[in-house]
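Student: I'd like to go through this one piece by piece. Can we begin with the sheets?

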Amino acid sequence: MEPILQVEDLHFQYPDGTPALSGVSFAIQRGTRVALMGPNGAGKSTLLLHLNAIYLPQRGRVVVDGLEASRTTEEQIRSQVGLVFQDPDDQVFSPTVWEDVCFGPRNMGLSGPEVEARAEAALEAVGLLHLRSRSPQRLSFGQKKRAAIAGVLAMEPAILALDEPMAFLDPEAQEGLEAILNRLHQQGVTLLVATHDVDWAAAWADEIILLVGGRILAQGPPSLLTDPELVRTAHLRLPRITELCLQFPELRPVPYTIHQAAAALRPRKSGG
Amino acid sequence: MEKLIRSVSPRVRIGALLALIIATSLLGSWQMLLLLAALGLVLALAAGLSLRAVLKRLFWLLWLGAGLLLTLPLAVPGTPVFQLPAGPWTLAPTQAGLTLAGLLCLRMLGCFLLALALAASTPAPELLEALDQLGVPQLFVVLAGVALRYISVLRDEVRRQALSRRSRGYRPEGSILHRRTLRHYAQMVGMLLLRAYDRSERIYWAMLSRGYSLKRRPVPVSRFSSGERWALGAALAFAVCLVLLDRQVMGGG
């Protein structure tokens with residue numbers, strides 16, 4: 001199957017000469033949930049900016065659904081890859097929620113009724129339709145985050161890339177956001193989430209990409225996160241449940257979610 | 001009255017305000033200027049502002065007016081009204097200077113009250129949309145919208161910085177002119193500028209990521225309806241009448 005996103009030998013350095021990405025290569029299949037993980041300064045945000053053609057490759061290629069990112073294709077790429085920034089105050093810049101959600105579809109040159117239909121559907125999807133007339137400064141942080149997602153969803157992207165979406169959210173808002181992401185996944189949207197949260201990534205993602213020092217350290221299933229050596233090299237930590245299960249040599253393969261651990265422990269409990 | 005004002009489309013309100021502001025700058029008689037200022041006050045009150053809110057906003061204008069009243073009479077040549085010895089100098093405010101300062105203050109007051117009426121009757125998003133519909137350059141409209149949106153964000157950043165300083169034992173010493181206090185404020189403003197610069201770059205990326213480009217106009221400019229044309233025509237006619245009446249009053253005086 002043709003991947004929806006391909007990054008090949010991507011290099012990027014900032015104007016002051018600081019290298020951010022050094023030969024990054026990976027591919028993502030359509031409809032998957034991918035967690036991009038790595039320590040601060042690993043290049044995650046810079047990589048996300050490349051996927052949306054805000055930054056263009058200095059060397060290498062970024063191909064979105066068969067379209068290579070370049071000056072001439074950047075607008076098409078931006079309608080294919082929706083990017084949700086870490087701080088919603090950076091992203092929700094219009095005077096009202098409604099205006100902000102309409103911003104992307106209007107830039108796509110859609111007709112008035114189509115813009116309104118998309119904005120309404122996007123706000124409905126994140127549960128903010130009742131706050132459409134509200135000024136962003138009067139929203140809670142979690143609501144601003146959802147408004148930022150609605151602004152991107154209204155463009156109906158095939159890929160949604162989110163930079164630290166769970167950061168600074170309370171547990172209830174995190175659950176709400178995860179439910180939104182899961183609904184989008186069911187609708188066939190490919191999701192790429194940059195995060196430090198190993199517990200969440202292990203339980204949520206279909207695939208993990210580990211990025212360290214501007215290089216891909218590993219790509220594979222979430223079970224990657226049960227390898228202590230790999231996780232240490234990535235400057236991350238093991239999922240809490242894995243840390244616990246590693247204490248019991250009989251629990252192999254090592255569980256990395258609560259459900260897996262429960263399934264592994266249940267027969268022992270009933271047997272004992 | 002409030003309903004009547006809000007029934008007029010925002011772009012007509014902007015057009016009418018511009019016509020009246022231009023008329024204000026052409027008026028020369030204090031009677032007409034007072035009349036226009038009174039009209040502005042009535043409109044501002046009718047738009048839902050309380051008298052207290054109007055006076056509160058006027059407070060900042062007073063400083064500018066006081067500056068004009070204090071300096072212009074001394075700068076404009078003419079017959080001195082009185083002479084005041086001030087050390088080696090003699091202050092001699094002139095009649096022409098006082099008249100000019102009074103005239104400018106009244107013009108300023110009229111324009112301010114009319115603009116206040118517009119702002120009170122038109123929420124910011126409607127105002128921006130109306131400016132866009134009037135064909136105002138998109139860059140200006142976007143900048144105005146972003147500035148409105150981020151005032152509160154900047155205010156929150158100032159609050160957080162002040163809180164952070166206080167939490168680490170900082171207390172302002174004396175007045176703002178105290179060296180240490182002044183240095184702290186300078187650092188705060190500098191930090192605010194740096195953060196605003198970084199944020200502006202991120203906001204621009206966020207705009208680009210959703211297909212923003214100055215090359216295209218997202219909202220098509222619609223033609224004025226016949227009702228809007230009539231309302232705008234009436235406002236223009238009123239402004240012209242004011243100027244003509246002013247000429248009569250000035251000629252009579």
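Tutor: A term to begin with: two strands pair if DSSP finds at least two bridges between them. Helices (H or I, at least four residues) and strands (E, at least two) are DSSP runs, numbered from the N terminus. This is a predicted model, in which local features need pLDDT of at least 70 and side-chain atom pairs count only at pLDDT 80 or more, while totals for chains, interfaces and linings use all residues. Residues are numbered from 1 along each chain as its sequence is written, and chains are lettered from A and ligands numbered from 1 in the order in which they are written.

Student: What is the strand order in the open sheet of four strands?

Tutor: In chain A the order is E2-E1-E4-E5, with antiparallel pairing. The edge strands are E2 (19-28) and E5 (67-68), and each pairs on one side only.

Student: How many bridges join E1 and E4 of chain A?

Tutor: Five bridges, between E1 (residues 5-13) and E4 (residues 59-64). Glu8(A) is placed opposite Arg61(A) of E4(A).

Student: And which strands make up the open sheet of six?

Tutor: The order there is E6-E7-E8-E3-E9-E10 in chain A, and the pairing is mixed. E6 (81-84) and E10 (215-220) of chain A have a single partner strand each, so one side of each has no neighbour in the sheet.

Student: What sense do E6(A) and E7 of chain A pair in, parallel or antiparallel?

Tutor: Parallel, over four bridges, with E7 covering residues 159-163. Leu83(A) has Ala161(A) in E7(A) as its bridge partner.

Student: Change of topic. How many residues are in the largest nonpolar core?

Tutor: It has 83 residues, and Ala161(A) and Ile208(A) are among those with the most contacts inside it. Such a core is a set of buried Ala, Val, Leu, Ile, Met, Phe, Trp, Tyr and Cys residues joined through C-beta atoms within 7 Å. Buried means 20 or more other C-beta atoms within 10 Å of the residue's own, with C-beta atoms placed from the backbone.

Student: Which helix gives the most to this core?

Tutor: Helix H6 (residues 141-153) of chain A, with six residues.

Student: How many residues of chain B are in contact with chain A?

Tutor: 23 residues of chain B, against 25 residues of chain A. Contact means C-beta atoms, placed from the backbone, within 7 Å.

Student: Which helix of chain B gives the most to that side?

Tutor: H8(B), with eight residues.

Notes
A residue is buried if 20 or more other C-beta atoms lie within 10 Å of its own, exposed if 12 or fewer, and partly exposed in between; C-beta atoms are placed from the backbone. Two residues are in contact if their C-beta atoms, placed from the backbone, lie within 7 Å.
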